[in-house]
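This briefing concerns the structure displayed below. Please keep it in view while reading the points that follow, which are grouped by topic.

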Amino acid sequence: MGILELFKYKTFSHGIHLPDKKEHTRDQAIRRLPFAPELIVPLSQHFGAPAKAIVSPGQEVVRGEVIAEADSFMSVPIHAPASGVIKEIELYPTARGPKSEAIIIKTWPGASQRVASFDPVDVGSLTHEQLIKAVQDTGMVGLGGAGFPTHVKLSVPPEYTIDTLLVNGCECEPYLTTDHRLMLEHPAELLQGTKMLMKALGAKRAIIGIEDNKMDAVQAIKAHLSGFEHIQVKAVQTHYPQGSEKLLIKVLLAREVPSGGFPYQVGVVVQNIATITQLGELLPNNQGLIERVVTITGTGIKKPGNYIIPLGTPIRFLLDHVGFSGTENHLILGGPMMGSTVASLDVPITKPVSGLLVFNEQSVEKVSDEIYPCIKCARCVDACPMHLNPSMLGQLASKREYESMQSDFNLMDCFECGCCSYVCPSNIPLVQYFRIAKSVLRERPKERSEEKA
Amino acid sequence: MIELRTSPHMKGALSLPQIMHHVIYALLPICAFAIYQFGVSALALITVITLSCVLTETMFNHLANKKNSLHDYTAVITGILLALTLPPGFPLWMGAVAGFVAIAMGKTLFGGIGFNLFNPALLGRAFVQAAFPVAITSWTPGGMADRFTQFIPSSLTLPFTAPITVDGFSGATPLALHKFEATSTPVTDLFLGFSSGNPLLADGSLLADGSIGETSSLLILLCGTYLIIQGIMGWRIPLAIFISTTLFSGAFFLFDNSYPSPLFMLTSGGLMLGALFMATDPVSAPVTPAGMWLFGLLIGAMTIIIRLFGGLPEGIMYAILFANATVPLIETITQPRKFGQISVKKETGEKND
């Protein structure tokens, strides 16, 4: 910690410094892309129960109207991203792998695509319960990548009080610049949204944490701060994976969320920039989430930038519009450290997708693919932000001693940030080992109960 | 063709062979100085032992039907390090035996790179220390006029015969001088590797005695610092060894002035090479930060005890080997405190705030 204090801004211990690769898109103002002729809108774009479709094939829908309802509290509704007609409700490929149910909308080519208008709401006059319900009705989920329903995060168990709302403007993944552009272009909406969420939580103050590679965003928000006396903007050192909410809480408030616990246990709720900015716009107008900003970049992309994209737009359509040279080889939804590759160009953009990275054959970094045994160099131990021992976990994984990984070496505290794999000189796919171990462990209790039965 | 991979999709630049290349670069100046001081004998010793290590590894890979593992360069490093710890006139055939034992028993027996419990170079040296006690304690002074044209006679001893001893070719190391004759060598000589005419050395040699790669502490320190700055090597273990050596020898020195000073302890014998290049071998050292400190402190303390009270003048080799054996235990008791591991008491306390 001693050396870190020499730097101007605070950060956490461990973690890694990555090349930020944001230069191609950070100066690109947010632009709109046209509507794809067919939108693929999956019913499960969030963490929790899938939404329930309330439309049927052949039915006409207006942009912004509800097409699927929240199935339970742990679910959110889905709104039509474009005016058109429902073609079918079918299984379609998703980024996660298995096909899942999606509503296919044929968009009207000549339609004005005006958003269905609803009566504006005076957010200030809503009760706590009404406000939570209003947030759920927007269909909002964590837009930073987690996809966790926002209203659930705002429903803090009554025995806890929230004193601080943290607004996560770290955007610590390389390449991505959506939050950066939103802070520059929509600071007023961001601050409005922050104020609404502070009210929903009963929080006395809010802190917007921004990494110091985005000082222009810090300035932009500070310029709009008059009238928001309980909101602070704080720069933090650029350091991966600071955007992880537990780490940001530690950096800004010096509080440590207990292992396996939630931020509300230390009096904090964290929300991402895009989530809050969108809510600041949607809530007063009583509208739902129908589009989002996505960074499209990568070596093969001709026009890298930040684009407003209707939810459900297939990747194939996006590549046609931003231009792509070479053979597409490696498509990533999300950031390069935690995002997942997709197998099909028919996979649509969904609520949690903040980036589409496309690399062609020549550009994929091939340092050395050879895997060596672990030489116990301890680089992973020094990189793990959760202070685990990835070296030991990796050795146990190769011997399939999954129980020991969980009970003796805290496997379940790993959130797969990728730091250990990134630094490993032996190229050991540690994160992949850990994912396998976790899924095996998740299956085991089921197997046992089946054996007993 | 769309390629599917798992995250992360970015990779740091440093790979295992690159790390090993850097270690070799850092060892080259030390080898060069050894050859400058001790001439062709040192060159031959380094070459023979490195070749022995490489051939042994190739042979075992072949016998075990494993693929070639030489390109990770660890066998070369083991060979060079082992050579640097031996006396200048060490018979070459004994060097070859040391190299064989280092790789065969120190490394391949455990499963190759990444699996050895002990530092292979030191295991090889420990074997020849036990097997050839005379040859390994015959110290030839450096800086001989004909060192670049003539071998030290004992170097060329025929295999499986005892070394030829010729008068005028043996001296005493600073540690042995101190231990057995209670004479100190000036610390600046130990640091730089050039002795300024120590009166006790009747042959009037110009350079300090010792193993071929251990004479200049300054040079080893510089080469080690290069690796630490490059991020190749950790800093905790060497620092812990330096601190513990200073504290332990300092305590004795303050108690009784006839004990050697901490500075003498730090700069003499194999301490510098051991602390920076042997104890830091990642495979046989702990991975946990607290474990590294404990490991280093243990090595420093054991070195001082062996040097002051043992039958041998030097103790760093056995100290590191003993510490290697304690690594599994050290790691068990020094697992890092995970993020969010908070006692129930503190947690409820924060809730009430």
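A residue is termed buried here if 20 or more other C-beta atoms lie within 10 Å of its own. The model is predicted.

**Strand β9 of chain A**

- Strand β9 of chain A spans residues 164-169, and six of its six residues are buried, so the strand is largely enclosed by the rest of the structure.
- One side of β9(A) carries A:Thr164, A:Leu166 and A:Asn168, the other carries A:Leu165, A:Val167 and A:Gly169, and both faces are covered, with all of these residues buried.
- β9(A) runs parallel to strand β10 of chain A (residues 205-211), to which six bridges join it.

**Domains of chain A**

- Chain A is divided into domain 1, made up of 4-27 + 122-285, and domain 2, made up of 379-452.
- A distance of 29 Å separates the C-alpha centres of domain 1 and domain 2 of chain A.
- The contact between these domains of chain A involves eight residues of domain 1 and eleven residues of domain 2.
- On the side of domain 1 of chain A that touches domain 2, four residues are nonpolar, four are polar and none is charged.

**Helix α11 of chain B**

- Helix α11 of chain B covers residues 271-278 and is mostly covered, as eight of its eight residues are buried.
- The buried residues of α11(B) are B:Leu271, B:Met272, B:Leu273, B:Gly274, B:Ala275, B:Leu276, B:Phe277 and B:Met278.

**Contact between chains A and B**

- Chain A contributes 53 residues to the contact between the chains, and chain B contributes 38 residues.
- On the side of chain B that touches chain A, the elements giving two or more residues are α1 (16-38) and α14 (344-352) of chain B.
- The largest share of this side of chain B is that of α14(B), with three residues.
- By residue class, the side of chain B that touches chain A consists of 18 nonpolar, eleven polar and nine charged residues.

Notes. Residues are numbered from 1 along each chain as its sequence is written. Chains are lettered from A and ligands numbered from 1 in the order in which they are written. This is a predicted model: local features need pLDDT of at least 70, side-chain atom pairs count only at pLDDT 80 or more; totals for chains, interfaces and linings use all residues. Two residues are in contact if their C-beta atoms, placed from the backbone, lie within 7 Å. Helices (H or I, at least four residues) and strands (E, at least two) are DSSP runs, numbered from the N terminus. Ala, Val, Leu, Ile, Met, Phe, Trp, Tyr, Cys and Pro count as nonpolar, Asp, Glu, Lys and Arg as charged, and the others, Gly among them, as polar. A residue is buried if 20 or more other C-beta atoms lie within 10 Å of its own, exposed if 12 or fewer, and partly exposed in between; C-beta atoms are placed from the backbone. Two strands pair if DSSP finds at least two bridges between them. Domain bounds come from an automatic or database domain assignment.
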